[in-house]
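Subject: Structure for your study

Dear colleague,

Please find the structure below, handed over for your study. I would ask you to look at it first and then to read the notes that come after it.

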Amino acid sequence: MKNRLRVLRAEQEWTQEELAQRTGVSRQAINAIETEKYDPSLPLAIKVARLFGKPVEEIFLIDEAEK
Amino acid sequence: MEGVLEMADKRKDRFGMVVFGLCVLTVGMAVLHMVLREQYLPGHPVRLTMTGLLFVAFASFIFVYTRMLSRMDEYQRQIQLFALAIGFPLSLVLIWGIGYFRAEGLLQGGDPRDLPAVLLASYAVGFGVAWLRYK
């Protein structure tokens, strides 16, 4: 699954550490999501979406090749 | 408050490595126990001390591991799941292998007391693979 987390975080000028604190996960988790090594759970995806004030599907995108 | 949050977050980042370190330490103590028990007679203070320390190490590993699991975030739990998914079957294969080889007259000199160390070593291998996969 692709995502726009790094771009959105950069827009807010947050570090991975700051985003991790705001979402209640580790910095490693944020890094793994940004590098697309790990897909977040639905609750975490919703939390992230609410934090950025955007719908989940605008941040996390299903890769067409994965379908 | 910021400092406390930062410290908590750094601790959260290190959960996996602490568990892994404790696992390596426990396996190391098990190996040391194997070496020392060949050199001292049963009941010798060195053997008794080492046995006690080994028990404490195993108990600490279980205590720390279960406590940390409950505090880990979903990503860290995913790594642990991956580690166990490799470590558990690997330990079964190793234990079966040891049993079969012993039945064929190979690998003599082992002891059932050492099997928990095989489990922990398998977990350490699983964690290593998981860490490489998700780092």
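This is a predicted model: local features need pLDDT of at least 70, side-chain atom pairs count only at pLDDT 80 or more; totals for chains, interfaces and linings use all residues.

For chain B the mean pLDDT is 82, with 87% of the residues at 70 or more. Within chain B, helix α3 (residues 74-103) has the highest confidence, at a mean of 90, while helix α1 (residues 2-39) has the lowest, at a mean of 71.

Next comes the helix pair. Two packed helices are described by the distance between their axes and by the angle between them. The axes of α3(B) and helix α4 (residues 115-134) of chain B come within 7 Å and cross at roughly 140°. These two helices, α3(B) and α4(B), are therefore oblique to each other. The contact of α3(B) with α4(B) comprises 19 nonpolar, six polar and one charged residues. The crossing in which α3(B) passes α4(B) is right-handed.

Finally, which helices of chain B each supply at least two residues to the lining of the largest pocket? They are α2 (45-71), α3 and α4, and α3(B) gives the most, with five residues. The volume of the largest pocket is about 330 Å³. Its lining has 13 residues, and those nearest the centre are Phe61(B), Leu84(B), Leu119(B), Leu120(B) and Tyr123(B). By class, the lining of the largest pocket has eleven nonpolar residues, two polar and no charged.

Yours sincerely,
A colleague

Key:
Residues are numbered from 1 along each chain as its sequence is written. Chains are lettered from A and ligands numbered from 1 in the order in which they are written. Side-chain values use heavy atoms; hydrogens and water are left out. pLDDT is the predictor's confidence in each residue, from 0 to 100. Helices (H or I, at least four residues) and strands (E, at least two) are DSSP runs, numbered from the N terminus. Axes are lines fitted to C-alpha atoms, for helices over the stretch in contact, and angles run from 0 to 180 degrees between N-to-C directions. Angles under 35 degrees count as roughly parallel, over 145 as roughly antiparallel, 65 to 115 as roughly perpendicular and the rest as oblique. A crossing is left-handed if the near helix is turned anticlockwise from the far one by less than a right angle, and right-handed if clockwise. Ala, Val, Leu, Ile, Met, Phe, Trp, Tyr, Cys and Pro count as nonpolar, Asp, Glu, Lys and Arg as charged, and the others, Gly among them, as polar. On a 1 Å grid over the protein atoms alone, a cavity is a set of points where a 1.4 Å probe fits but cannot get out, and a pocket is an open set with protein on both sides within 12 Å along at least five of seven lines; lining residues have an atom within 4 Å of a point. Grid points are joined across faces, edges and corners, and a volume is the space filled by probe spheres set on the points.
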